[in-house]
Amino acid sequence: MNMPLREAELIGQLLIQKGLITLESLERALLEQEKSGGLLGTVLVRLGFVAEEKLYKVLSEQFGTKYVKLSNIKIQHSTIEQIPAKFATHYKLIPISIEENTITVATSNPLDIHTLDDLKLLLKKHVKAVLASEDDIIDAIRKYYGVGAETIEKIIPEVSEEKIVSVQSQVTEDIVKSTEDASIIKFVNQILLEAYKDRATDIHIEPYEDELKIRYRIDGILYDTKVPPDIKRFQSAIISRIKIMANLNVAEKRLPQDGRIKIKIAEDEIDLRVSILPTPFGEGMVIRLLSANVLFGLENLGLLKKDLEILEKLIRKPHGIIFVTGPTGSGKTTTLYAALNKINDKEKKILTIEDPVEYQMKGIIQTQVYPKIGLTFSQGLRSMLRHDPDIMMIGEVRDYETAEITIRVALTGHLVFSTLHTNDAAGGITRLIDMGVEPYLVASAVNAFIAQRLVRVICPNCKQEMKPDKEALRELGVSKLDLSNIKIYEGKGCESCKYTGYKGRTAIYEILVVTEPIRELTLKRTSSEQTKKKALSLGMRTLRQDGWEKIKKGITTPSEVIRVTQQEELTK
């Protein structure tokens, strides 16, 4: 539903006359429009040449049509049912209200008489058009119809489920380009594309007795995704399609399976890790999205200046172990990759053994464990030593055998990075001793334990000052401080952050450097609580204290820091 070029140029000239854009901006936008398509106004907004509100105010005057912000309107389900999803998606319009025999639709081009006439014939009603931005309309279609609703609508009358399941395997594919056919292939691609656009790290496909749920994990929190009600009919077809993409056994429905898919979205290559689990109502699936192009620098992890200096000194040491601790999903691997990336140069041989290899790194030899054939962490470690490494990374120390080899590797002159599942930094010492490692080996080999958690970052677009919650501050242990000069912020909720108040995540850290006083306590098998008290007296900050620093800087909120550190406090 693009405007004719001449009409687009006239609107561009109008925006120049109003002083909203320059001639140079218009020319650049027209060139971009020729390449990517879409409406000129949408291109101008996307390139940052004009604010959306100002643009549509001018267009509203030009078209003689009211401008509406769809996020401010609640559309009734009975209204949405008036227009099929495939029609709304194809013409990029959405019904917003019905009064007697007149239906009001939001469109980005109210002058498209042909489409409005087609709609009038389809609905047998008078059609009134109002102006809305193209992005707003696309978001509203997804919100009210569900992801891929138009695809499901096309499939139901045209294709039987048996025919859908027999899709052909595509080893590597650009999912943006392969969304042309009305099929399960297209529907699965739409799910993946929406997850990517929403910055999701995981897609959960969950079968229940009478529905199929799809949820995205965004910034560590799971959110339900609106899907068409008929999706349950195609449950096995959707799972089969993803199995084919991951080269898994389509016929096997009784056993868990794990696989991997590589896809391309625009210029970004995404690695998908697929895990399937049988349930009473069909196979459940979780897909983890890993971008091959995302590699954080050590400076971008959220470390405060003092902690960054400590970590940079630790990773420059010639030997010893650095353990990063925390639960699953706390960003441990990202921290390790950032550290390896910082010290990676031609003079060093760096080897890793991981489960799985999450990011490919140039100049580093990476190995994935494969227990089915005997390639475990401990077996891999022994083989890696014969490759003359300077630095090694072990994905996780899970048992005594791996722990002992890791420590002996560090004592023979290697720098080693690894992870442990403990709640805080001091707990890492206790965990190793509980595994059976002698305290003198822990004291001699380990340079530091770093505990971390991920906290959501306040959305910059709707950030506002908040009144301090005394109860929350008391829980953080900062209630006795003078708060007169401290400002605390929160996110009000807006379109940009999908009304959550948060956008993106950063880490909070607790760094326990194994100095001589800590070594002495380790040799005495002192409890983790006593070790922590000693470390605090030597200047260590707890996770909550580091979180408080980020609250004061306006990065996150008290409730968010409390949420991610609750488990640590409960286990004291």
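Close-up 1. Leaving aside residues up to four places away in sequence, T65 touches S60, P110, A129, V130 and L131. In this predicted model, T65 is found in the loop between helix α4, which spans residues 52-63, and helix α5, which spans residues 77-80. With a relative accessible area of 13%, T65 counts as buried, because buried means under 20% relative accessible area.

**Close-up 2. An open sheet of 3 strands.** The strands of this sheet follow the order β1-β2-β3, and their pairing is mixed. Strands β1 (93-99) and β3 (126-131) stand at the edges, and each has a single partner strand, so one side of each is left without a neighbour in the sheet. From one strand to the next, the twist averages 30°. Strand β2, made of residues 102-107, runs parallel to β3 and is joined to β3 by 6 bridges. A129, one of the residues that T65 touches, is the bridge partner in β3 of V105.

**Close-up 3. Helix α7 against the sheet.** Helix α7, which covers residues 113-123, packs on the sheet and touches β1, β2 and β3. The direction of helix α7 makes about 140° with that of strand β3.

**Close-up 4. The aromatic pair of F87 and Y91.** The count of aromatic pairs in the model comes to 3, and one of them is formed by F87 and Y91, whose rings lie 4.6 Å apart from centre to centre, with 45° between the planes. This pair is tilted, because an angle under 30 degrees would count as stacked and one over 60 as edge-to-face. Both residues belong to helix α6 (residues 85-91), where F87 and Y91 are 4 residues apart and therefore separated by about one helical turn. F87 has 14% relative accessibility and so counts as buried.

**Close-up 5. The stacked rings of F323 and F449.** The ring centres of F323 and F449 are 5.6 Å apart and the ring planes meet at 10°, which is why the pair is described as stacked. This pair links distant parts of the chain, with F323 in strand β11 (residues 320-325) and F449 in strand β16 (residues 446-458), 126 residues apart. Both F323 and F449 are buried.

**Close-up 6. A charge over the ring of Y489.** Here the charged end of K463 sits over the ring of Y489, at 5.0 Å from the centre of that ring.

Methods
Residues are numbered from 1 along each chain as its sequence is written. This is a predicted model: local features need pLDDT of at least 70, side-chain atom pairs count only at pLDDT 80 or more; totals for chains, interfaces and linings use all residues. Side-chain values use heavy atoms; hydrogens and water are left out. Two strands pair if DSSP finds at least two bridges between them. Helices (H or I, at least four residues) and strands (E, at least two) are DSSP runs, numbered from the N terminus. Axes are lines fitted to C-alpha atoms, for helices over the stretch in contact, and angles run from 0 to 180 degrees between N-to-C directions. Contact means heavy atoms within 4.5 Å. Rings of Phe, Tyr and Trp (its six-membered ring) pair if their centres lie within 6.5 Å; planes under 30 degrees apart count as stacked, over 60 as edge-to-face and the rest as tilted. Buried means under 20% relative accessible area, exposed over 50%, partly exposed in between (1.4 Å probe, protein chains only). A charge sits over a ring if NZ of Lys or CZ of Arg is within 6 Å of the ring centre and within 35 degrees of the ring normal.
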